[in-house]
Amino acid sequence: MNESLTQKIRNDFDCIALYDQQGWNHNNHYHRFLLKQLPAECKTVLDIGCGTGEFSRLLAKGVERVVAIDLSSNMVEVAKQRSRQFANIDFQVADVLQWEFPDEKFDAVVSIATLHHLPVESLLPKLKAALKPGGKLVILDLLEHENLRDKLGDFVAVPLNWLFQALKNRHIQQSSSAAAAMREHLRTDKYLTWEQARRIYTSELRRTKVRKHLFWRYSVVWEKPAALAA
Ligand SMILES: C[S@@+](CC[C@H](N)C(=O)[O-])C[C@H]1O[C@@H](n2cnc3c(N)ncnc32)[C@H](O)[C@@H]1O
């Protein structure tokens, strides 16, 4: 991936991290759903693009060890501050594209709202190899809406979004600097369409479940077969 884009993503998230206010959002709306996808026997989890560590902490309540990596040092700093009571989370500042994935180490590899920053097709083989046989890959990411059918979903998502923002994020006063940081990031953010997501994941992962969700998201859940050679 081009170095200047990686640098921009790092800068964007270093800035966004300064304003994180721990409210409801379109990603943590799915945390419970994602937790349910983990294998029954789950001891070690890799969280790619952990951000401020909200999902890493949920994972850490139920598993022995969470390795949580993120490109942005500010994100990891905030994550560490908020996770002092969790001795079982190993936060690392790292670019997942340069990271040395250990072989067959994790019971689950999870990633929320991060893979759209990455070359998914070339990354998937590494994620598969890092899973133990029977381990699960669990992904939630953003979806580009391209056709009328996609946009029809907005008739439900937009009013529900307003409602949840009003009910759950009453405590949040977004500053103009926070809004500017997010606007700058969104200027270059790009997402897969539903067709692209289905094609990429179903061609690389046999018998995978790719699902479309409300709030412009899709999920992927894949179990590594016991006999699959990485
Ligand atoms: C939208 S945030 C999501 C954070 C968190 N997963 C959540 O749900 O709140 C995306 C995160 O991915 C991280 N990220 C982007 N590219 C990355 C890369 N190449 N390696 C590691 N982390 C990356 C960013 O720094 C950012 O914290």
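Predicted model: local features only at pLDDT ≥ 70, side-chain atom pairs only at ≥ 80, totals over all residues.
Visitor: Let us start with H1 and H8. How do their axes cross?
Guide: Helix H1 covers residues 3-17 and helix H8 covers residues 176-188; their axes come within 9 Å and cross at roughly 155 degrees. That angle makes H1 roughly antiparallel to H8.

Visitor: And is the crossing of H1 and H8 left-handed or right-handed?
Guide: The crossing of these two helices is left-handed.

Visitor: Which residues in H1 and H8 meet?
Guide: On the H1 side they are Lys8, Asp12, Cys15 and Ile16, and they meet Ala181, Met182, Glu184, His185 and Thr188 in H8. The residues of this contact divide into four nonpolar, two polar and three charged.

Visitor: Take Lys8 from that list. Is Lys8 exposed, or only partly exposed?
Guide: Lys8, which lies in helix H1, counts as partly exposed because it has 16 C-beta neighbours inside 10 Å.

Visitor: How far apart are Lys8 and Thr188?
Guide: In sequence, Lys8 and Thr188 are 180 residues apart; in space, their C-alpha atoms are 9.2 Å apart.

Visitor: What about H1 and H4, then? How do those axes cross?
Guide: The axes of H1 and helix H4, which spans residues 73-82, come within 7 Å and cross at roughly 35 degrees. H1 contributes Phe13, Asp14 and Ala17 to the contact, while H4 contributes Ser73, Asn74, Met75 and Val78.

Visitor: How do the residues of that contact of H1 with H4 divide?
Guide: They divide into four nonpolar, two polar and one charged.

Visitor: Changing topic: which residues come nearest to the ligand?
Guide: There are 21 residues around the ligand, and Phe13, Gly49, Gly51, Leu71 and Ile112 come nearest. The elements that give two or more residues to this shell are H1, helix H3 (54-62) and strand E2 (65-70).

Visitor: You mentioned H3. Is Ser56 buried or exposed?
Guide: Ser56 is found in helix H3. Ser56 counts as buried because 27 C-beta neighbours lie inside 10 Å, and 20 or more is the threshold for that class.

Visitor: Which residues does Ser56 touch?
Guide: Not counting residues up to four places away in sequence, Ser56 touches Asp47, Cys50, Val66, Ala68, Ala79, Ser83 and Ile89. Ser56 and Val110 are 54 residues apart along the chain, with their C-alpha atoms separated by 9.5 Å.

Visitor: Where is Glu223 found, and is it buried or exposed?
Guide: Glu223 is found in strand E8, residues 217-223.

Visitor: What does Glu223 touch?
Guide: Setting aside residues up to four places away in sequence, Glu223 touches Gly134 and Lys136. Glu223 and Lys132 are 91 residues apart in sequence and 9.7 Å apart in space, C-alpha to C-alpha.

Visitor: Last topic, the backbone. What is the phi of Glu104?
Guide: Glu104 has a positive phi of about 45 degrees although it is not a glycine. Glu104 is found in the loop between strand E3 (89-93) and strand E4 (106-112), and it is partly exposed, with 14 other C-beta atoms within 10 Å.

Visitor: And what is the phi of Arg207?
Guide: Arg207 has a positive phi of about 55 degrees, and it is not a glycine either. Arg207 lies in the loop between helix H9 (194-204) and strand E7 (209-213). Arg207 counts as exposed because it has 8 C-beta neighbours inside 10 Å.

How values were computed: Residues numbered from 1 in each chain as written. Axes fitted to C-alpha atoms, helices over the stretch in contact; angles between N-to-C directions. Helix = DSSP H or I, 4+ residues; strand = E, 2+ residues; numbered from the N terminus. Parallel < 35°, antiparallel > 145°, perpendicular 65-115°, else oblique. Left-handed = near helix turned anticlockwise from the far one by under 90°. Contact = placed C-beta atoms within 7 Å. Nonpolar A, V, L, I, M, F, W, Y, C, P; charged D, E, K, R; others polar. Near = placed C-beta within 6 Å. Buried ≥ 20, exposed ≤ 12 C-beta atoms within 10 Å, placed from the backbone.
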